[in-house]
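Visitor: I would like to go through this model by its contacts and helix packing. Please show it first.

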Amino acid sequence: MKEIIKTEKLTFDYTVYDENGDETDKNRVLTDISLDIEEGSFTAVLGHNGSGKSTLAKHFNGILLPTDGRVLVDGIDTSDESRIYDIRQTVGMVFQNPDNQIVATVVEEDVAFALENLGVEPKEIRRRVDEALKTVDMYEYRKHAPHQLSGGQKQRVAIAGIIAMRPRCIVMDEPTAMLDPKGRKEIMATVKTLNRDYGITVVMITHYMDEAAKADRVIVIDKGNILLDGTPKQIFSNVELLKSVGLDVPQATELMYELKKSGLDVPDDIIDENECAEYIYSLFCADDKEQ
Amino acid sequence: MLKDITIGQYFPGESIIHRLDSRFKIILDIAYVVMLFMAGNFYSLAMAGVFMLIIYMLSRISFRLIFKSLRPIMPVIVFTCLLNLFFIQGESEPLVRLGFISIYMEGATTSVFMAVRIIFLIIGMSVLTYTTSPIELTDAIERLLSPLKVLRFPVHELAMMMTIALRFIPTLIEETDKIMSAQKARGANLDTGGLVKKAKALIPVLIPLFVSAFKRASELALAMECRCYKGGDGRTRMKQLKWGMRDIVAVFVMGVMIAVIVLLNISIPIFGL
């Protein structure tokens, strides 16, 4: 399959300035990161605070430009200023705080914002706004003011504002971090629909292991380097390595890990609750038979 | 407590006044103000008042709102009245003489005239904000001012700022509430003491509020950039303002009203002013 985002030896430094505005120091945030995101995939990026995962995300649509190396979006170099709006239309970005992404005072006006910026015909805007709102299941709230909505609903409006542009990829920077459990579930369901039914590539930065477990691919970033890269099952079987870099594993995996430590012979690639429950159930059944 | 603040004074409705094109409403409101200042005697002023009353009836807004809109402006009206009452000197004998103060007939009539004029002015302005949503108003202002673009006046930026301000008022009010509660929980005393003490007590509320507002602004700017915001050039709008028959009728009615006022001014000897 074709890759939609490609980074080649991406390196990024933050320059530190002193009070007079002179350069004093450089902080290396990302070192030699090379990765491909395939079109249509669902990738989760995990990492501890300060690991550089948000910085990496900001390179995917040219908000930040690499100090060294390059980033290609659909074959376009992000440092090509003349194509920046093509890049931003291809890769949309959703941020953590839904409140700080909504521009307009009415839901539908906000969803229309990107299309208005791109100079789309009014009738076409109307059609795409309605479509985007229906996709995230917020159509009936189109006349509401943002402050009347819950966190999860606001975040869905923010997502609608992005998908109205019809991007081929959406990068989400911890979209559920400020939401309650209900809002988190709503967003995860929406993200799944976008990926599965609409074929939109999703890159999701998160620190919730249970969310990462739902992706096709998990990339673990630590201190600006790619530590692990693989399917969720492969990644979460490295319980000790993950814990050593300050990350958790999904609760189901944690349970399996502890069972194994205490001497039970359990598989180490179980990552979701249902699988875990079924396995434990089968253990009990086996015990019954022995008696 | 802060949540009770209403944003704008818009009262949604479906009346003919609500449905007028917001651009026309702004222009007609300006015409009404001009008309009020053209009215030179009590007859024409009364006529303008009756006209506004009919508009209120058409818009189906509760009459109580008229008084509500007048309340904050009351001190100004009283002040103007008193100034006119005491300082205008007539040719006839004063009505009252109290030490160095003397009140003349001319002063009394002018002061009443001015008061009525200011009251009509406020009522006329508030009918606009009562029947037009802030979004429509912003849109209308952007479009009405758009000729100024030639003079490099930042029309689009102004409208964008108004929209963002309107959008963030409820968010920031909520935040203020939160910060106040947090500071109270740490023993801050926000409700008692004199004016100076109260103002000083607000500092620990305002500083975190400002810090957070700046943070929000920077995040919003980033989100806007991600959605291809590049200023007003080449921008389209989803909602197009459309004017129709009713707007033309409204302009016609306004024209007739101004003519009537002018006729009244001419036919009845101009009083005082």
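Visitor: Leaving aside neighbours within four places in sequence, which residues is B:Asp139 in contact with?

Guide: This is a predicted model, in which local features need pLDDT of at least 70, side-chain atom pairs count only at pLDDT 80 or more, and totals for chains, interfaces and linings use all residues. Residues are numbered from 1 along each chain as its sequence is written, chains are lettered from A and ligands numbered from 1 in the order in which they are written, and side-chain values use heavy atoms, without hydrogens and water. Contact means heavy atoms within 4.5 Å. On that basis, the partners of B:Asp139 beyond four places in sequence are B:Arg237 and B:Leu241.

Visitor: Is B:Asp139 buried or exposed?

Guide: B:Asp139 lies in helix α7 (residues 134-145) of chain B, where helices are DSSP runs of H or I with at least four residues, numbered from the N terminus. Buried means under 20% relative accessible area, exposed over 50% and partly exposed in between, with a 1.4 Å probe and protein chains only. The relative accessible area of B:Asp139 is 8%, so this residue is buried.

Visitor: How are α5(B) and α6(B) oriented to each other?

Guide: Axes are lines fitted to C-alpha atoms over the stretch in contact, and angles run from 0 to 180 degrees between N-to-C directions. Helix α5 (residues 74-87) and helix α6 (residues 105-131) of chain B pack at about 160°, with axes 8 Å apart. Angles under 35 degrees count as roughly parallel, over 145 as roughly antiparallel, 65 to 115 as roughly perpendicular and the rest as oblique. The two helices α5(B) and α6(B) are therefore roughly antiparallel.

Visitor: What is the orientation of α3(B) to α6(B)?

Guide: Helix α3 (residues 42-59) of chain B packs on α6(B) at an angle of about 25°, with the axes 11 Å apart. That angle makes α3(B) and α6(B) roughly parallel.

Visitor: How many residues does the contact between the chains take from chain B?

Guide: Chain A contributes 39 residues to the contact. The count from chain B is 28 residues.
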